[in-house]
Amino acid sequence: MFQLLLKRYTLLSIIILVSCASTQKAISQEQNKQHAKHIILVGIDGFGAHAFEKAKIPNIREMMKNGSYSLKARAVLPSSSAVNWASMLMGSGPELHGFTEWDSREPELPSAKLGESGIYPTIFSLIDTQLPEAKKGAIYTWGGIRNLFERALVDLDYNGETDTKTIEKATSFITEEKPVFTFIHLDDADHAGHKIGFDSPEYYLEIEKIDVLIGKMLATLEDKNLLKETIIILTSDHGGNRKSHGGKTLKEVEIPWIAYGKGISSQGEMDSVIITYDTGATIAYFLGLEIPEFWRGKPMTGIISKN
């Protein structure tokens, strides 16, 4: 009797172990799977979630309708530019990467980790290490972006004079070079916010111009048969209150976070809590990259469609 029970217990243990191993293997395969050939990160400077109440942005709303989004994602503090763009690309907050001001050109706080390029490793570094043949680019309107990534690692490093030139250059790069990752930074809305106000007609007009530019880029990608192999994340560094930002109000801290494209669930609004440094981790997940232990971002794995 005892031997029979022992055999049954042993058999049950083997079944459980095999099941666990299979589950772990499936999880590992999912984590290492590249979900799209091309990832585009569109960052709109100063585009607070509050703007969605008034802005006429049909192209961005179409992405929301057919993708996954949150209007309650949060910037890190202070709700300023460089500290948040760094957090987005570096998958971690300022306490680790060390960029703490709106115009940080180097870390005010020594970085907790340095990559081979001498700064806290960004998503560009992860791609360079794990997908060494893949092309990547950074195209930005605000020149301060150049201090926040490993410029020597990208195939295109371009500072556009206007958002129109930035989008045009990015679209050409994507369609001609077919990079695995492209970061696009747009700045004109933030300028209007500082000059006139983050709830002014001029501010919304600039956002609406950006929506038109994004619509043209999407149309070109569709025409070139690239959209079906692309995932786009659209987000911001911060919002604004009156004519400034950097504070702790929700108008300054809450930002949009929209994922759209190949394999993205059309669930609409998400329940997930999102911090801007989750963006870098999510891009890494989409590309099947191993996320560094020292990064603090969490990938939004639940937005991949199960179909």
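## Ground rules

The model is predicted, so local features need pLDDT of at least 70 and side-chain atom pairs count only at pLDDT 80 or more, while totals for chains, interfaces and linings use all residues. Residues are numbered from 1 along each chain as its sequence is written, and side-chain values use heavy atoms, leaving out hydrogens and water.

## The whole chain

Let's start with the big picture. The protein chain has ten helices and eight strands, taken as DSSP runs (helices H or I, at least four residues; strands E, at least two) numbered from the N terminus. Of its 307 residues, 54% are buried, meaning under 20% relative accessible area with a 1.4 Å probe, protein chains only.

## Helix α5

Helix α5 covers residues 123–130, and its buried residues are Ile123, Phe124, Ser125, Leu126 and Ile127. What covers them includes α3 (81–90), β3 (136–140), β5 (181–186) and α10 (278–286).

## Where α2 meets α8

How do these two helices cross? The axes of α2 (residues 58–65) and α8 (residues 201–223) come within 7 Å and cross at roughly 60 degrees. That makes α2 oblique to α8 (angles under 35 degrees are roughly parallel, over 145 roughly antiparallel, 65 to 115 roughly perpendicular, and the rest oblique).

On the α2 side, the contact (heavy atoms within 4.5 Å) uses Pro58, Asn59, Ile60 and Met63. From α8 come Asp211, Val212, Ile214, Gly215 and Leu218.

Conventions: Buried means under 20% relative accessible area, exposed over 50%, partly exposed in between (1.4 Å probe, protein chains only). Axes are lines fitted to C-alpha atoms, for helices over the stretch in contact, and angles run from 0 to 180 degrees between N-to-C directions.
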